[in-house]
Amino acid sequence: MRAARRTLLALTLVIALAVVPLAGCSSTDGGESTDNGTDEAKEPYRIGAVLSMTGTYAGLGEPEKNALEMEVARINEDGGVNGHPIEIIYEDDATDADTAVAATSRLIDKEGVLAIIGATGTGGTMAMRGEINRAGIPQISPAGGTVITGDFDPLVFQTPWSNSLVVPYTLDYIAEQGISKIGIIADSGGFGADGLAVLEANLADAGLEAVATEAFNAGDTDMSAQLTKIQGAGAEAVVMWTAGKEASIIATNMKDLGMTIPLYGSHGNARVEFIEGAGAAAEGFRFAAGKILIPEAYGDTTEAYQVALDFIDRYSAEYGKAPDTFAGHAYDALHITVNAMSTLDEDFTAAELRDAIEATTGFVGIGGTFTYGADDHNGMTADDLVMYEVKDGTWVLAE
Amino acid sequence: MSGRSLNISRFLTVRAAIVAVLLLVVAVLPLFVTGTDARYVLKVLTFVGINVLIVTGLALLFGYAGQVSLGHAAFYGLGAYASAYVTATLGMPWFVGLAAAIAVTALGGLALAVPSLRLRGHYLAMATLGFGEIMRIVFVEASSITGGPDGFSGIPLPSLGSFVFATPQSIYWLVWGVAALAIMISYNIVSGRPGRSMRALHGSELGAMASGVDLVGLKVRVFVISAVFAGVAGSLYAATVGFVSPSTFTFHFSVVLVAMAVLGGTRSLAGPAAAAILLTLVSFPDIVLPGLSRDILAVVQDWEVDIYALVIILVVLFLPEGIAGAGRRVLGLLRRGVVEPSGSDSGTGQRGDEA
């Protein structure tokens with residue numbers, strides 16, 4: 001009897017484990033059961049969003065998702081596009097290229113999205129390309145690597161200023177400070193590797209020399225060894241290229257090592273977490289980015305200033321803090337897509353949507369004023385950039 | 001007495017019939033997946049097949065020979081990168097990539113078999129764990145071959161001659177065909193002399209040696225076969241997805257594989273295969289329950305690792321023999337049911353547990 005009871009217990013366990021998958025195996029061909037759409041509302045236009053809600057870019061993914069949620073709610077309150085509401089399906093790529101590919105595949109094959117916003121990072125954005133090409137739908141990336149639009153793909157667009165704009169701007173600024181020898185530290189993947197390549201290509205033009213070039217991996221917790229080498233090589237400034245949370249570790253390591261040479265960064269560091277993470281070590285840190293952080297930089301009579309103020313007001317009211325540049329990149333990506341949709345017939349195809357996005361002209365967004373073209377899917381200029389400095393725990397415009 | 005042999009042969013016939021039915025179900029399943037999300041469903045079922053293939057290799061190593069590997073994700077990765085490099089970078093046909101994957105993982109298995117000759121239990125587990133971690137770092141750092149942390153993209157689809165496995169159905173059949181072949185090979189191994197040697201090794205290494213089992217040869221062979229199965233799976237994975245990055249081949253995945261093997265049970269091939277199917281589908285609950293809301297989906301995905309851990313704990317506590325053990329008990333009960341009404345030999349049913 002005891003043996004039988006144990007068998008029963010074991011069986012129950014197996015069945016409990018088996019029941020979940022088996023329950024649905026027969027209904028896998030059930031297809032899409034879309035959310036209970038009311039009779040008068042039209043089928044929503046579905047957009048996929050692959051964002052880094054966890055991992056080293058979590059600090060970027062969060063404001064991006066915030067901006068998308070807020071703007072979609074507003075667009076739908078205003079009646080959607082051509083009477084169709086917009087529905088965004090979010091996927092977390094955990095700052096991992098492989099997860100981004102799986103998420104994209106799911107969005108395309110399972111959710112049937114018309115376009116994809118993402119990924120948050122350059123590595124994820126590039127990894128998704130195979131799936132994007134297979135499905136033939138447009139991708140609008142909020143990541144800043146040059147490779148995204150430099151390695152041109154007709155389906156792929158980008159909203160931030162790419163490294164090929166930011167790097168020369170930054171290097172020229174550094175050279176103007178009377179510096180000639182720099183040490184570079186960049187993360188080994190995605191945005192950092194992309195930035196390093198652009199840095200090396202532009203050093204000579206700016207009249208600078210890299211006396212040390214060091215790399216680190218996402219997830220590393222101490223960069224003292226690399227910084228010591230940079231210091232030993234006689235660098236007069238450190239140029240750091242990463243969008244990860246490791247940036248604040250680098251600033252802290254420099255302070256701990258007693259390094260007094262200035263630290264320069266990229267538009268990937270325009271996040272409050274950097275200042276919070278590095279504390280006093282963040283003081284004096286300089287980086288180039290868009291104007292949303294200090295909207296007066298737009299010029300207070302411009303349309304861009306009004307758009308930015310409106311966005312800042314609504315975002316601050318909703319989330320209790322000011323939006324950063326990443327929220328702006330997502331805002332731009334969504335509005336460019338939605339504007340393109342509104343120029344089309346109700347039953348547009350993915351190819352028509354792509355063409356309409358490419359036809360974007362003079363869209364005044366947060367990152368700047370976008371004009372895409374047949375061979376320009378970045379649409380920004382260096383005029384959209386400004387140099388910031390961290391002072392007393394906040395951003396100010398650098399001279 | 002002749003009644004007993006009759007029952008055993010009937011039992012074997014029943015088993016063959018079950019296997020045939022299962023094969024048929026797996027083979028025709030794609031024909032019934034026709035919804036708008038068919039492509040996604042088939043892709044997930046293909047991943048299930050890939051995991052079944054790896055876990056079959058692990059069943060030989062862990063379930064039969066009793067050797068723990070916490071580094072199997074590394075073989076999977078080695079196979080994936082070897083195949084990706086040969087097909088995408090060198091532009092060779094897919095079967096050359098597959099051959100490269102087999103060669104590289106066989107070498108890897110050999111490399112891991114050497115310490116296993118001296119190490120046992122926890123120490124072997126630590127050595128394989130170290131091997132897995134070293135390989136993960138290699139995948140990240142050897143960026144000129146592997147693409148580094150950004151991964152390796154643009155891997156062509158599997159092909160044989162001029163035939164390209166381009167549709168999700170054809171890839172599904174390819175992967176499950178290979179998995180079935182691997183199970184068949186494994187069955188032949190375990191039902192013969194090597195299988196008995198492996199079970200002896202599982203029971204007592206010293207005892208096996210005393211009984212004349214060639215431990216060195218056995219361990220090396222089983223490690224190599226197990227590694228090659230994972231390498232073939234890696235080659236299939238790389239060609240199916242078209243993209244690989246180091247984050248797929250982490251310690252986490254090795255643990256998931258061990259969880260499948262543990263849940264599946266020892267001295268069985270069917271158990272681990274069933275466990276691989278069940279646990280792979282945990283990651284894709286929306287395949288199983290199509291109406292599932294996205295919020296629940298997100299919760300399940302967040303707790304995925306915890307679900308695996310819970311499975312291991314529950315299995316070790318209540319079902320130490322895994323699915324296979326439970327299956328054997330059920331079969332034993334059934335056979336007793338078959339034997340008792342007609343048979344005078346009541347002892348026969350009890351012995352079924354050892355089959």
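The model is predicted.

Start with the layout of chain A. The domain assignment gives two parts. Domain 1 covers 45-161 + 302-381, and domain 2 covers 164-289. Over C-alpha atoms, the centres of domain 1 and domain 2 of chain A are 28 Å apart.

Now look at the boundary. On one side, 18 residues of domain 1 of chain A take part; they are in contact with 19 residues of domain 2 of chain A. The two domains bury about 1400 Å² between them. Carbon and sulfur atoms give 59% of that area. Three residues stand out on the domain 1 side: A:T56, A:T146 and A:W161. Together they supply 38% of the area that domain 1 of chain A buries against domain 2 of chain A, more than any other three residues.

What kind of pairing crosses this boundary? The rule finds 0 salt bridges between domain 1 and domain 2 of chain A. Polar contacts are present, with a count of 6 residue pairs, both residues at pLDDT 80 or more. Three elements of chain A each give two or more residues to the touching side of domain 1: α2 (58-77), α4 (122-127) and α13 (325-342). By class, that side of domain 1 has 6 nonpolar, 11 polar and 1 charged residues.

Zoom in on A:T146. This residue sits in the loop between β4 (139-141) and α6 (147-150) of chain A. Is A:T146 buried or exposed? A:T146 has a relative accessible area of 15%. The cut-off for buried is under 20%, so A:T146 counts as buried. Its side chain reaches the backbone nitrogen of A:S164 at 2.7 Å. Neighbours within four places in sequence aside, A:T146 is in contact with A:D151, A:S162, A:N163, A:S164, A:D194 and A:V198.

Turn next to charge pairs. Side chains of opposite charge can pair when their charged atoms come close. A search of the whole structure finds 26 salt bridges over all chains. In chain A, salt bridges link A:R46, A:E87, A:E91, A:R106 and A:E111 in a network.

One pair in chain A joins A:E358 and A:R354, at 3.0 Å from N to O. Both residues lie in helix α14 (residues 350-358) of chain A. They are 4 residues apart, about one turn of the helix. A:E358 and A:R354 are both buried.

The side chains of B:E133 and B:R136 meet in a salt bridge, at 3.0 Å from N to O. Where do these two residues sit? Both belong to helix α5 (residues 121-141) of chain B. They are 3 residues apart in that helix, so about one helical turn separates them. B:E133 is partly exposed, with a relative accessible area of 30%. B:R136 is partly exposed too, at 24%.

The last pair is B:R221 and B:D214. Their side chains meet in a salt bridge at 3.9 Å, N to O. The cut-off for a salt bridge is within 4 Å, so this pair counts. B:R221 has 51% relative accessibility and counts as exposed. B:D214 is partly exposed, with a relative accessible area of 46%.

Terms used. Residues are numbered from 1 along each chain as its sequence is written. Chains are lettered from A and ligands numbered from 1 in the order in which they are written. This is a predicted model: local features need pLDDT of at least 70, side-chain atom pairs count only at pLDDT 80 or more; totals for chains, interfaces and linings use all residues. Side-chain values use heavy atoms; hydrogens and water are left out. Domain bounds come from an automatic or database domain assignment. Contact means heavy atoms within 4.5 Å. Buried area is the accessible area (1.4 Å probe) that two parts lose on being put together, summed over both. A polar contact is a pair of N or O atoms within 3.5 Å; within protein, one must be able to donate a hydrogen and the other to accept it, and residues adjacent in sequence count only if both atoms are side-chain atoms. Ala, Val, Leu, Ile, Met, Phe, Trp, Tyr, Cys and Pro count as nonpolar, Asp, Glu, Lys and Arg as charged, and the others, Gly among them, as polar. Buried means under 20% relative accessible area, exposed over 50%, partly exposed in between (1.4 Å probe, protein chains only).
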